[in-house]
Amino acid sequence: MNEPDTETDSSVSRRNYLGLSGGALAALSFAGIGSANEGNPGRGRGRGQGSGHGNGLEHGRQLIENGTIVTVDEEYGILENASLLVDNGRIEEIGHDIDAPGAETIDASDSIVFPGFVNSHHHTWQAGVRGVAGDWSFMEYLETMLGEISSHYTPNDVYLGNLFGALEQLNAGTTTVMDWFHVANSPGHTNRAIDALEDAGIRAVFAHGTPGDDNETWWDESTEPHPDDIRRVHDERFADADDDDLLTLAMGIRGPDYSSDEVVTHDIELARELDIPASMHIGSLGPGGVETLAELDLLGDDLNYVHGNRLTDEEFELIGDSGGSVSITPEVEMQMGMGMPPLRETLEGGAIPSIGVDIVSNVSGDMFTQTRTALQTQRALDNQPTVEAGEQVMELSLTAHDALEFATIEGARALGLADEVGSLTPGKRADIAMIRTDDINTVPSHNPVETIVFQSGVENIDTVLVDGEIVKRDGDLHNQTGRRHQHQLIQSGRRVLEQSGLLENE
């Protein structure tokens with residue numbers, strides 16, 4: 001596996017570097033530790049095995065002690081001044097006075113320990129073009145991002161975008177992401193996207209999608225079936241993958257809103273032949289898509305529906321009755337004119353509710369923001385009939401704990417990973433985040449769930465473990481690949497935007 005290209009762009013001065021890096025990159029602080037993979041990231045790994053964060057640590061035993069542990073598990077609840085033992089990547093024990101001789105200790109005093117967020121929908125590759133679409137409607141996004149920008153991405157651009165997009169998630173306490181990859185312009189693009197996820201060390205469901213080089217062919221009532229390269233990806237990169245591997249495979253399909261009935265049938269049947277889930281954008285342009293799937297006898301618990309803003313109540317019931325999940329990306333949906341986030345409709349239809357970021361080309365990439373936005377928007381919608389009746393709201397419809405579940409265990413259910421992650425439960429994989437509660441915006445912490453949901457942000461994430469391996473500690477990311485190539489991401493993004501006509505060539 002090759003490093004990203006190292007050629008420089010003389011037009012990118014230090015002034016431009018600082019100005020273009022953006023808040024999220026500026027917030028990334030990389031630990032200056034040695035790396036077992038220094039100089040050759042990703043070599044020797046394949047088929048979604050992960051362990052790519054390059055911190056030189058092996059699976060072992062860690063004892064997180066003296067913390068407030070929010071397990072998001074009904075049996076264990078919230079434990080004060082408690083400890084959590086990790087052994088070989090799994091949570092072995094949670095409780096008090098755990099005896100673990102020889103274990104590496106992590107002091108969680110003045111900290112809240114909780115399951116890492118699960119971001120159920122994210123186009124990770126767009127990290128390189130961060131912050132260009134904040135004033136775009138959905139139709140402008142389809143025309144410009146999928147009709148122009150994505151066509152200029154090289155495999156190296158994809159690698160850098162996916163690497164830093166995944167690192168941004170880890171930095172913000174997200175340990176699992178559904179990477180919905182719709183810039184599969186060549187097998188090389190796809191390979192480098194997977195390489196980047198491995199090198200980041202994140203847990204990801206890689207949803208292989210369509211090329212991003214011909215919007216009309218792939219997204220305008222398409223009659224083109226899903227690219228057959230998915231078979232190669234399945235056989236070469238994921239043939240031996242298990243649910244507890246860091247990377248698993250899915251299909252990102254167009255669905256009935258963007259493709260013919262024949263293509264929809266072909267794509268879902270192909271996903272089922274490969275025994276992988278399928279995810280589709282649906283209901284952003286109008287209702288009827290789920291009814292079409294029902295008429296085609298294609299509904300199932302292996303389908304994930306993204307957005308769904310304009311679906312009917314009956315369609316949400318069809319999703320719920322079939323065991324499907326809904327990925328709600330509230331900030332993007334409200335900005336781009338898709339409609340209000342359908343959290344209430346999802347819940348009342350009995351479908352699995354989950355939360356995603358979607359695209360950092362226009363919105364913040366952290367799950368704190370998206371979780372708060374989803375919760376408070378739905379509360380406002382639920383309150384409004386009472387307000388319009390001139391009465392007073394006496395009780396809120398959803399709680400902070402509900403929101404935390406949407407962002408953790410429900411997201412894991414939506415991605416088919418609830419047996420492995422999403423809660424701090426003995427036997428599950430050790431995907432863990434820690435928030436400092438002695439920071440200016442988190443002290444004092446009287447209610448740990450409310451501290452997570454309402455008071456905290458990226459700056460409060462102190463430590464993150466994925467599969468029992470430390471990827472962030474004391475506020476620093478442990479990733480040498482990212483540490484070396486941050487400048488290249490900036491060069492990559494500028495070149496893509498110049499070629500797309502969105503920036504002048506300096």
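**Exercise 1. Cavities**

How many cavities of 30 Å³ or more does the count come to? Determine also the volume and lining of the largest cavity.

*Solution.* The structure is a predicted model.

Step 1. The count gives two cavities of 30 Å³ or more.

Step 2. For the largest cavity, the volume is about 110 Å³.

Step 3. Its lining comprises 15 residues, and those nearest the centre of the largest cavity are His-123, Phe-138, Tyr-141, Leu-142 and His-281.

Step 4. Sorted by class, the lining of the largest cavity holds 10 nonpolar residues, four polar residues and one charged residue.

Step 5. Among the structural elements, helix H3, which spans residues 138-144, contributes most to the lining of the largest cavity, namely three residues.

**Exercise 2. The second largest cavity**

State which residues line the second largest cavity, and identify the element that gives the most to this lining.

*Solution.* 

Step 1. H13 gives the most to the lining of the second largest cavity, with three residues.

Step 2. By class, the lining of the second largest cavity consists of six nonpolar residues and one polar residue, with no charged residue.

**Exercise 3. A nonpolar surface patch**

Identify the residues that form a nonpolar patch on the surface, and decide whether Leu-381 counts as buried, partly exposed or exposed.

*Solution.* 

Step 1. The nonpolar surface patch is formed by Met-334, Met-340 and Leu-381.

Step 2. Together, Met-334, Met-340 and Leu-381 have about 240 Å² of accessible area.

Step 3. Leu-381 belongs to helix H13, which runs over residues 367-388. H13 also gives three residues to the lining of the second largest cavity.

Step 4. The partly exposed class lies between under 20% (buried) and over 50% (exposed) relative accessible area. Leu-381 is therefore partly exposed, because its relative accessibility is 35%.

Technical notes
Residues are numbered from 1 along each chain as its sequence is written. This is a predicted model: local features need pLDDT of at least 70, side-chain atom pairs count only at pLDDT 80 or more; totals for chains, interfaces and linings use all residues. Side-chain values use heavy atoms; hydrogens and water are left out. Patches are made of residues with over 30% relative accessible area and no salt bridge: like charges are joined within 9 Å, nonpolar side chains (Val, Leu, Ile, Met, Phe, Trp, Tyr) within 5 Å. Accessible areas come from the Shrake-Rupley method with a 1.4 Å probe; for residues, only the protein chains shown count as cover. A salt bridge is a side-chain nitrogen of Lys or Arg within 4 Å of a carboxyl oxygen of Asp or Glu. Helices (H or I, at least four residues) and strands (E, at least two) are DSSP runs, numbered from the N terminus. Buried means under 20% relative accessible area, exposed over 50%, partly exposed in between (1.4 Å probe, protein chains only). On a 1 Å grid over the protein atoms alone, a cavity is a set of points where a 1.4 Å probe fits but cannot get out, and a pocket is an open set with protein on both sides within 12 Å along at least five of seven lines; lining residues have an atom within 4 Å of a point. Grid points are joined across faces, edges and corners, and a volume is the space filled by probe spheres set on the points. Ala, Val, Leu, Ile, Met, Phe, Trp, Tyr, Cys and Pro count as nonpolar, Asp, Glu, Lys and Arg as charged, and the others, Gly among them, as polar.
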